[in-house]
Amino acid sequence: MRFNMFVPLLPLVLAATLTTAPTHSAPSEADFLIMPTEKLVWKDADAGAKMAVVFGDPSKPGLYVIRAYFPPGVMSTPHFHGEDRHVIVVQGTWNAGTDDSWDPKATTPLKTGTYMYHKAGAVHYDGSAGDQGAMVQIVGMGPSKTTFLFPEEGTFGKPRKLK
């Protein structure tokens, strides 16, 4: 076969490629969301912990982003979530326990910038076991559901081993 035979088809191939190529609109302010830290609305939780929704609504279907602050020595009680979660430590050292012991000595200290994946249904507890607070950013797909193993203990508090 000779190349000369395909030269007449070249404009057709080029036209088909250009008509199926993705198009992009000029960006506008409606295409972006900027959430400065000072505009976050923090809600108080037990034992001085705080939560803020950065994006979406964890109670509804769809992507959500939340931040959680744990004061020094405060950890969540053992629990699990109904959805996968992606956690990034944004401030301090966050201690993550991957069982139901609620023992700060059994946690893994995760420093600022560390990522942790929480599989749906995996029992864990977390917070700030040290003398400094910690903040994490959590991303998941709602609706979010949290089940506490020991509801009589509450949501946050001083771990049993610290009492």
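Trainee: Let's start with R85: does that residue count as buried or exposed?
Mentor: This is a predicted model, and in it R85 counts as buried, at 9% relative accessibility.

Trainee: Which residue forms a salt bridge with R85?
Mentor: That is E83, and the closest N and O atoms are 3.2 Å apart. E83 counts as buried too, with a relative accessibility of 8%.

Trainee: How many salt bridges does the structure hold?
Mentor: Three. Another one joins K50 to D44, with 2.7 Å between the closest N and O atoms. There is also one between K60 and D57, where that distance is 3.8 Å.

Trainee: What about K60 and D57?
Mentor: K60 is partly exposed, with a relative accessible area of 48%. D57 also counts as partly exposed, at 31% relative accessibility.

Trainee: Okay, new topic. Which residues touch the most other members in the largest nonpolar core?
Mentor: F70, W94, L110 and V136, out of 16 residues in that core.

Trainee: Which strands each supply at least two residues of this core?
Mentor: β3 (62-70), β6 (85-91), β7 and β11 (134-142). β3 gives the most, with four residues.

Trainee: What does L110 touch, leaving out residues up to four places away in sequence?
Mentor: L110 touches V89, G92, T93, W94, A96 and M116.

Trainee: W94 and A96 again! Which way do they point from β7?
Mentor: In strand β7, residues 94-97, W94 and A96 point one way and N95 and G97 the other. In a regular strand, side chains alternate between the two faces of the sheet.

Trainee: And are those four buried or exposed?
Mentor: All of them are buried.

Trainee: Which strands does β7 pair with?
Mentor: β7 pairs with β8, residues 108-110, in the antiparallel sense over three bridges. β7 also pairs with β10, residues 125-127, again antiparallel and over three bridges.

Trainee: So where does A96 sit relative to those two strands?
Mentor: A96 stands opposite T108 in β8, and its bridge partner in β10 is D126.

Notes
Residues are numbered from 1 along each chain as its sequence is written. This is a predicted model: local features need pLDDT of at least 70, side-chain atom pairs count only at pLDDT 80 or more; totals for chains, interfaces and linings use all residues. Side-chain values use heavy atoms; hydrogens and water are left out. Buried means under 20% relative accessible area, exposed over 50%, partly exposed in between (1.4 Å probe, protein chains only). Two strands pair if DSSP finds at least two bridges between them. A salt bridge is a side-chain nitrogen of Lys or Arg within 4 Å of a carboxyl oxygen of Asp or Glu. A nonpolar core is a set of buried Ala, Val, Leu, Ile, Met, Phe, Trp, Tyr and Cys residues joined through side-chain atoms within 4.5 Å. Contact means heavy atoms within 4.5 Å.
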